[in-house]
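Please walk through this two-part explanation with the model open beside the text.

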Amino acid sequence: MVMSPGGKFEYMKARVINRVILCLGTVDRRMRSMDHLSGEMITKTIAWTVVLLLLSVGLLAVCTPQWAGKSLDEVSVQLKWLHQAEFAGFYVAQEKGYYAEENIGPTLLPGGLGVDSLARVINGKADFGVAAPEQILVRRSQGEPIVAIATIYRYNPLVFIAMEDSGIKQPSDFIGYTAAVGASDGELQFAAMMRKLGFDTSRVNIMPFDLHYAGFYGGVADITYVYSTVDLISMREQGYMVNLIWPDDYGIHMYSDTLFTTEAMIAQNPDLVTRFLRATLRGWNQAVEDPETAAAITKKHAIAAYAEFQNEMMKSSVPFIHTGEDHIGWMSAEAWEQMHGLLLEQGILAQPVDLQGVYTTEFLEKIYGGGRG
Amino acid sequence: MRLTTRLVIFFVIIAIIPAAIVGYFAYENGRRTIQDEVMNHLVSVSSHKEAMFNDWVLDKNRSLMQLAAHPLMREYTTALVAREKTDPDYQIAYRSILNEQFNPAIEEIGFLELFILRADDGLILLSTDGGQEGKYRENQPYFIEGKENAFVQNTYYSVTRQTLAMTIGTPMIDVEGNVIAVLAGHVDLSDLSELMTGLSQTEDAYLVSTLNFFVTDPKFGNGYALARTVFTDSVQAGLAGNNGVGFYNDYRGVPVIAAYRWIPAGELCLITEVERAEAFTAIVNLRWTIFAISLAVALFAALCGYLVARTVTKPVRELVAGTEQIGKGNLKYRVATAAKDEIGELSRAFDRMTGRLTEALVSRDELAKEITERKRAERELKETVKELERSNADLGQFAYVASHDLQEPLRMVASYTQLLGMRYKDKLDDDALDFINYAMGGAKRMQQLIDGLLLYSRVGTRGKSFKPTDCETVLQASLANLDVAIRESGTTVTHDRLPSVIADEGQLIALLQNLIGNAIKFQEKGKLPRIHVSVQKNQDELTFSVKDNGIGIDPKYSERIFVIFQRLHSDEYPGTGAGLAIAKKIVERHGGRIWVESKLGKGSTFYFTIPRRTQKNANN
C-alpha cells in the first residue's frame, strides 16, 4: 500500500486551514450585518480580518512542507446510493485523514432514487462518481466522456429473489411470473440473463422496481432483486425466506460499483486523480481489514434507518471487494471485455465501444505498481 | 562511606559483574538456542504441514480422477451429454451416476458437492446438490482448465454459495477420446482443520486464503474457518508469497513466534505459531535461575565482603576508639590487640607510642614545674631588685635632698652662733664662749657631714657619662688636687703605666683622690707615706690597686669602712667617714668592685675594678 509521508500532519494542517476559513467566513458575515454601524467599527473589523489573515498565513508558513501555500483541493464524489457501508472506504479515507494527507477536501454526495451519478459527473456537478459498469459502458457508447478508474465491487452483489414457497428457483421458472425489476439497476442484468438463457423477456411480466419491496411482500411481484450485501440482510432479519437466483450462475459476470471520472479531469489533473484514488483505496483496504471500525465510521453518515445494518452490510461486502485475486479496486481487461461482449450480445449496446477509452488502469498501476496482490 | 560498606559494595561488584556477564551470555545463549529451537520446530512443522496439505490435495485430485476414469462414469456421462433430459437413457445415466457413483463416494473422498459440467458451455448437468443443476460455470477456472487436465482451483469466493470454496475439476473423456464434460467437486475444507491438528498443546496452525479468510479454524477461533478474515503481519507476509519466521501478534493480538509459509499448491498461507509466553517459559525459567544464582553470588560476596571488612575494620575501629580515648586524655589506654597482621602491628606500635607519650608527658610536666618555679624565683628576684633600685633611688634622692636642704638651716645656726660669739664676745664668760666654740665646731662638723652626704648622693645623681679616659691624666689630676697634703706629709707616690678606660673622668679623679688621700691621712706620725698605684689587666676588667704603708686596717673592719659615716678613728684622724662610701659608690656605678687587703700596722692595699667596656656600651 502506498502511503503519503507525514499523514497525520497533513491532516492536522487541513483542519487548521478549515478552521481559518470558517473564521474568516464568520467575520465576513459579521461585517455584512454591521453595515448600519459606524465606519470606525467596520475599520476595526477589517483590521481584525487582516490580523487573522496574517496569523493564518503565519501558521501555514510555520507548518509547511509539501503543500505549502496551496489550499486543499476540493473534490466532490457522487455516490451511487444513500450513505451506507457500500461506500465505507470513502468514509474511512475521510475519517482517517487519508484525503487530507493527499491535500484533498472531499465532499461525499449521497445518491438516491432519481439521482443519476453518471449524469451529475458528466454535467460537472461532481468530480468523481460511483456507478455500475454496464451503465458506464452504455453512457460511453452514447459518447459521454467518462472513464472508469477502479472497481470497488468486483463481484456483483445483485441477486434476484423469489419467495421460497413460490417454487421459483432459476430463471427458467420466471416465465409467466411478475418481476419487479423495471427502471432499475436490475433491469439490465435481468434482461441479459434471460436473453442469455434464451428466454423471451416478454413472457415475464415486468413491473417497476420498488425500493420498499411492498409489491414483493404483498404478493404482487413474484420476483425482484436485492443487493445481497444490503436488503437481503434486512429481509432475512425480518424473517423472509427467499430463493436466490444469481446472475453470475447464468453467465452474467458483472462488476458492480465502479469509480469513474471525466476524460477532462484525467487530462487536466492526473495528479489529483491519482491522489484521490490512492486515498480512496487506502480507505477501502482499511475498511476490509477492519470491517467493524469501518461500519462504525459509516454509521456517522448513514441515515438512522440504515445504521443498524451497517456492520452486517460491511462484513458481507468484504468478499465482493477483497476477492483475493487482485488488489482492491483492480480491473481486469478480461472482465471488461466480457461485460462489453455480453452487453453487445444482448443488444444493449448497439455497436462495439472502444474499451481503451472506457476504463484505465493507469492510476491503479501507479498506485499499486502492478496487479496481483 | 564506611569501610565496611565500601568493602561490601566492592565485593558485590567484583562478584556481580562477572556473574552478570556470564549470566547475560548464558541467558542470551540459552535464549537464542531456545528461540532457534522453537523457530526451527515451527518451520519444520509448517513444512510437514505443507507436505500433508499437498498429499491431501493430491489425494482429492486422484480420487476425482479415478472417479472420472471409471468406465461406467464415462459411459453414463456420454449419455448425459448426448441425450435429452427426457430420454430414458439420460434418466438411467443420471440416476446411476448420482446413486451408484457420487453418493457412495462423496463422503469417502471428502467432497461437499460433486457435479458434472457440460464441456460445451459449462452447464451443470448433474449435481449432488440438485439446486445447482441448470447453472453455468463457463467462466470458472476449474471448468476452463479442467477440460484439459485435472485442475485444483484454490480457495475463492463462491458468490452462489456465499462462502469460500476450493474446487477441483478434471476432464471426462468419451470412448473416442473427446472431452465431453468436466467432473468437478467442491472440496470439504473442514478436512483441512483436522490436518492442522496433531500439534503440541501450545502450538497453533491454520491456513489463510488469499482473501484473508481463515480456511481452517485456528486453535482459539472455533468457527473462524471460512467466516473470519485475518490481516496480521505474518499472514500478509505469507500471502505475499514469502516464507519466514518471526515475532508477531496473532489474530487475537497475542504475541507469538510465527512461521508463515506460502503454499503455492493451494495458494494458501500456512501459519504455525506458538505463544511467545509459552515458548519462552524455558527462557523465563532460565532467566530466573540466572537471576537467582547471581543473587546468591551477590549475597555470598556481600557476606565475604562483610567478614573481610570486619577483620580489617575491627582492629581499626579499636585503634580509632583508642585514639579517641587518648585524644580525651586517657593516656593509660592500651589497644592491646592480639592480631598478628599489619593492623596488629600498627596497634602495637600505637601502644608503644602511647607509652612513650606518657613518659614524655610526665618528664615534661616536671620540667614545666621547675621552669615555673624558676620563673617565679626570677620574677621575685627582679621585683626585689626593682624594689631595691627604687629604695636606693629614694635613698639617694633623700640623701641629696636632705643634705642640700639641711645646709640652709645649718648655715643659719653657724652664722648666728658665730655672730653671737663675735658680737657678745665681751659680755659672755669663757664658758659661754667655749660653748659657742663647741656649737661652732658642731655646726662645722655638721657642714662637713652634709657636704660628704651631698657628695655621696651626687655620685648617683650627678654622674657624667662614660668617656674614654686616660688614667695617667686622672692620676695626675688627683695628685694635683692633693698637692698640698702630699708636700706637707712628704708622701711618695709611684705608679705603673696606667691605661685608658671608659669612665666618668671626674668621678675617677675623685676616686683616686679619695684612696690616695686616705693613704696619706692614715699614717703613723713621723713615717713618710709611700703610695704605689698599679694596674692589673684581666680579660674583662682592669684591677687597680692603691698600696700604702699606712696604719692598716683590722680585717674585721674591711667591710665596715665602706659604710658611710662609719669611722674607725674618731679623733686621731679627721674626716667625715664619707670618703670610702663615695669611692665604693663610684666603683659600683662603673660596675666594678672595691675591697681592701690589709693587716693592722702593715699597710693596706685598696683594689678596685673597672670593667673593660667599649664606647658603645659605655653607659651600661
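This is a predicted model: local features need pLDDT of at least 70, side-chain atom pairs count only at pLDDT 80 or more; totals for chains, interfaces and linings use all residues.

Residues are numbered from 1 along each chain as its sequence is written, chains are lettered from A and ligands numbered from 1 in the order in which they are written, and side-chain values use heavy atoms, with hydrogens and water left out.

Begin with chain A. Its secondary structure comes to 17 helices and 10 strands; helices (H or I, at least four residues) and strands (E, at least two) are DSSP runs, numbered from the N terminus. Of the 373 residues of chain A, 53% count as buried, where buried means under 20% relative accessible area, exposed over 50%, and partly exposed in between (1.4 Å probe, protein chains only). Contact means heavy atoms within 4.5 Å. Among contacts in chain A between residues at least 6 apart in sequence, 81% join residues at least 24 apart.

A:Thr262 sits in strand S10 (residues 258–262) of chain A and is buried, with a relative accessible area of 16%. Leaving aside residues up to four places away in sequence, A:Thr262 touches A:Val121, A:Asp127, A:Pro145 and A:Ile146. A polar atom of the A:Thr262 side chain also lies 3.1 Å from the backbone nitrogen of A:Met265.

Next comes the packing of nonpolar side chains. In soluble globular proteins, such side chains tend to be buried together. A nonpolar core here is a set of buried Ala, Val, Leu, Ile, Met, Phe, Trp, Tyr and Cys residues joined through side-chain atoms within 4.5 Å. The largest core has 155 residues, and the members that touch the most others are A:Phe90, A:Phe160, A:Phe174, A:Trp336, B:Phe53, B:Phe102 and B:Ile116. Helix H11 (residues 270–289) of chain A gives this core its largest share, nine residues. For A:Phe174, the residues touched are A:Phe160, A:Ile168, A:Phe190, A:Met193, A:Met194, A:Val204, A:Ile223 and A:Ile245, not counting residues up to four places away in sequence. Another core lies apart from the largest one; it has 38 residues, including B:Leu508, B:Ile582, B:Val587 and B:Val596.

Now turn to the interface. The contact takes 23 residues from chain A and 18 residues from chain B. The two chains bury about 1,900 Å² between them, 52% of it on carbon and sulfur atoms; buried area is the accessible area (1.4 Å probe) that two parts lose on being put together, summed over both. A:Asp249, A:Glu289 and A:His322 supply 26% of the area that chain A buries against chain B, more than any other three residues.

Across this interface the rule finds eight residue pairs in polar contact (both at pLDDT 80 or more). A polar contact is a pair of N or O atoms within 3.5 Å; within protein, one must be able to donate a hydrogen and the other to accept it, and residues adjacent in sequence count only if both atoms are side-chain atoms. On the side of chain A that touches chain B, the elements giving two or more residues are H11 and helix H14 (310–321) of chain A. H14(A) has the largest share of that side, three residues.

The charged pairs come last. A salt bridge is a side-chain nitrogen of Lys or Arg within 4 Å of a carboxyl oxygen of Asp or Glu. The count comes to 30 salt bridges over all chains. A:Asp249 lies in the loop between strand S9 (242–245) and S10 of chain A and B:Lys135 in the loop between strand S2 (124–127) and helix H4 (141–144) of chain B, so the pair joins two chains. The closest N and O atoms of this salt bridge are 3.0 Å apart, and both A:Asp249 and B:Lys135 are buried. Across the interface of chain A and chain B there are two salt bridges by the rule.

Within chain B, B:Arg252 forms a salt bridge with B:Glu275, the closest N and O atoms being 3.0 Å apart. This pair links distant parts of the chain, 23 residues apart: B:Arg252 is in the loop between strand S7 (244–249) and strand S8 (255–263), and B:Glu275 is in strand S9 (residues 268–275). B:Arg252 counts as partly exposed at 32% relative accessibility, whereas B:Glu275 is buried, with a relative accessible area of 17%. In chain A, A:Asp73, A:Asp271 and A:Arg275 are linked in a network of salt bridges.
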